[in-house]
Each structure stands twice: as structure tokens, then as C-alpha cells.
Amino acid sequence: MTTKRRWNFEGKVVFVTGGGAGIGRATALAFAREGASVVVADLSEAGAKETVQMVEALGPRALAVKCDVSKPDDVKAALDRTIEAFKRLDFAFNNAGCEQPISYTPDVTDEVWKRIVDVNLGGVFHCMKYEIPLMLKYGGGAIVNTSSGAGVVGIRGQAAYCAAKHGVIGLTKSSALEYAKEGVRINAVCPGCIDTPMMDRFTGGTDEGRKRVMAQEPVGRLGTPEEIAETVLWLCSDVAGFAIGHAVVVDGGQTAGL
């Protein structure tokens with residue numbers, strides 16, 4: 001690799017959920033540019049494999065694993081494969097998530113509620129449940145969980161999503177306190193409106209839909225996955241060694257006035 005490294009994660013191993021596209025893919029590639037080996041876990045096996053090809057083109061080793069984070073056995077199996085392949089775990093980006101169709105609280109079906117909470121909140125819990133013991137075993141590490149701007153404010157028509165993402169912050173803070181002295185740092189990142197495939201689904205993929213979302217951003221544009229990735233890498237670096245239990249909002253000013 002010829003790119004000048006800022007953090008230099010050579011010899012480190014990162015586990016990324018939702019790594020088959022969007023923020024997860026951008027973060028997997030960012031870690032690879034810093035020399036880390038990358039495990040790409042995603043419900044889409046094809047997406048995970050595509051990201052792995054992109055990582056390997058940058059030089060580091062990579063592994064694709066199909067994983068439904070709402071299923072504890074899937075998560076454990078994915079992390080078991082991580083240890084089999086790379087013999088350690090240094091970083092984890094628990095990023096897999098799914099969007100909620102716009103609907104007011106009484107209209108949210110039990111099925112939608114369960115899926116949103118199981119994936120967005122339960123998935124983070126399942127990952128940390130198995131990641132933390134591994135990091136303790138292999139000398140410590142850093143975990144970043146994906147919450148959202150919806151984790152710090154309420155949004156009409158997004159009760160299930162907001163509940164799950166608020167829950168991620170509570171889970172992050174509590175777990176961070178438990179392991180602050182044990183060498184495992186845990187934080188969350190709270191993206192605003194980011195230009196990803198999930199955002200395309202949410203907006204219907206239309207110019208009108210995108211403009212409606214961009215109007216919510218004081219900066220006047222959607223964020224990029226790479227901007228979130230940079231925050232994740234900083235949180236995992238030694239430079240952020242005193243950052244513990246925080247929910248770092250990266251949202252173009254969307255929640256600044258609230």
C-alpha cells in the first residue's frame with residue numbers, strides 16, 4: 001500500500017457488520033487503508049464478498065461471512081470464524097441496521113416493531129455479547145456501535161426506529177462503564193442523513209425524495225459514508241483513548257438546534 005497512513009492499524013483485525021454496502025463498506029475500506037485485516041459480515045453474502053474484493057485490492061487480508069445480527073448463533077459463528085482466520089479481534093463496528101417505513105405509532109405492526117428492534121438494537125447487543133470476551137482475551141480493543149441522529153431526538157413516523165437507536169446509546173453507555181478499566185473502549189456514532197442504499201430505499205430513490213431529506217440538513221447536502229467511516233476510525237485509534245461511552249453525532253448540524 002502506498003497511501004500514507006494516519007492511524008496505522010497494521011496487524012489489527014476489525015469485525016464490521018453491515019459491511020456489504022453503505023457506511024459499513026466505507027468503514028471496512030477505511031480500515032483496510034490503514035493496514036487492518038477486515039471481516040465483513042452482512043446478511044447479503046454477495047455484498048460482503050464484493051466488499052472483501054475491494055479490501056483485498058488495497059492489500060490487507062479479508063473474510064466475508066453471511067450473518068443475520070438478529071440471530072445470536074449467526075453472530076457467534078461469524079466471530080468464531082474471525083478468530084479461526086485471524087487469531088485475534090481488535091476492533092468492532094456494529095453497524096448492521098434496517099429502516100422503518102414511515103408510519104405513526106398506532107400503525108406500526110408487531111412484525112415491523114420486532115424486526116426494527118431485533119436488528120437495530122438486538123443486533124448490537126448480540127455482537128457485543130460475544131465481542132467483549134474476545135477482546136478481553138486478546139488484550140483489549142475498541143467497539144463502535146451505530147446509533148443515529150434518531151437516537152438523540154424523536155422523529156414523527158419513526159417510533160420503532162427511534163426507540164431502537166435510543167436503545168443503542170443506552171446499551172453503549174452502560175457497557176462502556178462496565179469495561180472502562182478493562183481495556184475495551186465502547187462508543188457510538190450517530191449519523192445524520194447519509195447517502196447510502198438505505199437512504200435510497202427510505203426516499204424511494206427519487207430526486208424529490210432526496211431533496212426532501214436534504215432540506216433537513218443545515219449543511220445543505222447528504223453526508224457521505226466516508227465521513228462516518230473517518231469518525232469510526234478516530235474512535236478506534238489510540239488518539240481517542242479518553243473517549244469512552246460517548247454518542248458522537250455526525251449529522252451536518254441536523255440536531256444542533258434541538
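**A helix pair and the sheet beside it**

Mentor: Let's start with α3 and α4, which cross in a right-handed way (the near helix is turned clockwise from the far one by less than a right angle). Bear in mind that this is a predicted model, where local features need pLDDT of at least 70, side-chain atom pairs count only at pLDDT 80 or more, and totals for chains, interfaces and linings use all residues. Residues are numbered from 1 along each chain as its sequence is written, and side-chain values use heavy atoms, without hydrogens and water.

Helix α4 spans residues 110–137, and its axis comes within 9 Å of that of α3, at a crossing angle of roughly 30 degrees (axes are lines fitted to C-alpha atoms, for helices over the stretch in contact, with angles from 0 to 180 degrees between N-to-C directions). The two helices are therefore roughly parallel (under 35 degrees). From α3, the residues in contact are P72, V75, K76, L79 and I83; α4 supplies H126, C127, Y130, E131 and L134 (heavy atoms within 4.5 Å). By class, that makes 7 nonpolar, 1 polar and 2 charged residues (Ala, Val, Leu, Ile, Met, Phe, Trp, Tyr, Cys and Pro are nonpolar, Asp, Glu, Lys and Arg charged, others polar).

Now the sheet. Seven strands, paired in parallel, form an open sheet ordered β3-β2-β1-β4-β5-β6-β7 (pairing takes at least two DSSP bridges; DSSP runs give helices, H or I, of at least four residues and strands, E, of at least two, numbered from the N terminus). β3 (62–66) and β7 (247–250) each have a single partner strand, so one side of each lacks a neighbour in the sheet. Neighbouring strands are turned by 15 degrees against each other on average, direction ignored. Helix α3 (residues 72–86) packs here too, touching β1, β2 (37–42) and β3, and its direction makes about 160 degrees with that of β3. Strand β1 (residues 13–17) pairs with β4 (residues 91–94) over 3 bridges, and V16 stands opposite F93.

Key:
Angles under 35 degrees count as roughly parallel, over 145 as roughly antiparallel, 65 to 115 as roughly perpendicular and the rest as oblique.
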